[in-house]
Amino acid sequence: MNYTLKHLKYFVAACEEESVKRAAEKLNISQPSVSAAIAHLEGVFNVQLFIRHHARGLALTPAGRRLLGRANLLIKQAEDLHQYATDLGDSLTGQLDVGCFVTLAPIFMPPLIRAFQEGYPNVRIRCVEGDQEFLYQGLLRGDYELSLVYDLGPSQDIELRSVSEFPPYVILPPQHKLARRKQVSLSELVDDPMILLDLPHSRQYFETLFFEAGLAPNIAHRTPSPNMVRGLVANGLGYSLLNARIGLDQTLDGQRFASLPLKGKYEPLKLSIAHVSGVDLTRAASTFAEFSAEQIPKIVESEHR
């Protein structure tokens, strides 16, 4: 290889600071050192990494954005190798950043973090929540190595490992005429006001359920917050569709709602562990991935008891 980790670290710092000057100050080195590292990488890879704006600093090119993710991961792997060599035979240490889809995070991440840190007390786990697109982009940028996501709109650069699946279900106000039914169909709900969980990919999934049934939902409210969805439903403002079912049918303000299976056969959402394709995970990340694949089905089972 005609480049070093130092070249990559200088490049990453320039990306983060959007300025050669600020990157140099952050790294406590000279500006020419940062500029030379960037020029060296552009020469080695024969690609322009930045657009230079004299007044506004640096802006990444599309090629630069793609390289940034791989550079971050390579730096993390090098740090992990150093830690591995230093602590051979000892327990895992350090911080592990994990992304998680916003509706899944409160269900799965607290018990996963607690149980994992009981076995690996020297690993600090930081959970980053977001929607599908945010999490995919974070993986590609190298912000974190792993993410718990639904198998929706995957990128060709993302590898998914399915660990559980969730069929869609309906939540209704407790006073709704169908709330005491064992199950309910979309055709029975289609004229009622709907509260749509309005997140990228999620909204398309729920709208597709109606489209494939030849129906059009009467969307009264849209919100990206699962708690807001439940709150609006519990307060009688409509019904909604969700996938990952939590144990208590109760909102943050103490109101209750009814949860019913959706009648018919619908494609479930698959809960998957995602990481960048073709990139080796660090020890901490690979250990957490295996641990999560084992524990998530147990958490799902306990939630449905």
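Where is the place of P217? This model is predicted, and the close-ups below start with that residue.

**View 1. P217 sits in a loop between a helix and a strand.** The loop runs between α8 (202-212) and β9 (218-223). With a relative accessible area of 23%, P217 counts as partly exposed, because buried would mean under 20%. Leaving aside residues up to four places away in sequence, P217 touches V190, M194 and F210. If you go looking for E129, you'll find its C-alpha 28 Å from that of P217, and the two are 88 residues apart in sequence.

**View 2. Helix α9 is largely enclosed by the rest of the structure.** Here's the reason: of the 9 residues in this helix (residues 226-234), 7 are buried. They are P226, V229, R230, G231, L232, V233 and A234. What do these buried residues of α9 pack against? Their partners are β7 (169-172), β8 (193-197), β9 and β10 (240-242). After α9 comes G236, and its phi is positive, near 80 degrees.

**View 3. The largest cavity has a volume of about 100 Å³.** Rolling a probe the size of a water molecule over the atoms shows where empty space is left. The count comes to 3 cavities of 30 Å³ or more. Around the largest one there are 14 lining residues, and T103, Y150, L197, L242 and N243 are those nearest its centre. Two elements, α8 and α9, each give two or more residues to this lining, with α8 providing the largest share, 3 residues. Sort the lining residues by type and you get 10 nonpolar, 3 polar and 1 charged.

Technical notes
Residues numbered from 1 in each chain as written. Predicted model: local features only at pLDDT ≥ 70, side-chain atom pairs only at ≥ 80, totals over all residues. Heavy atoms only, no water. Helix = DSSP H or I, 4+ residues; strand = E, 2+ residues; numbered from the N terminus. Buried < 20%, exposed > 50% of the residue type's maximum accessible area, 1.4 Å probe, protein only. Contact = heavy atoms within 4.5 Å. 1 Å grid on protein atoms, 1.4 Å probe; cavity = no way out; pocket = protein on both sides within 12 Å on 5 of 7 lines; lining within 4 Å. Points joined across faces, edges and corners; volume = space filled by probe spheres on them. Nonpolar A, V, L, I, M, F, W, Y, C, P; charged D, E, K, R; others polar.
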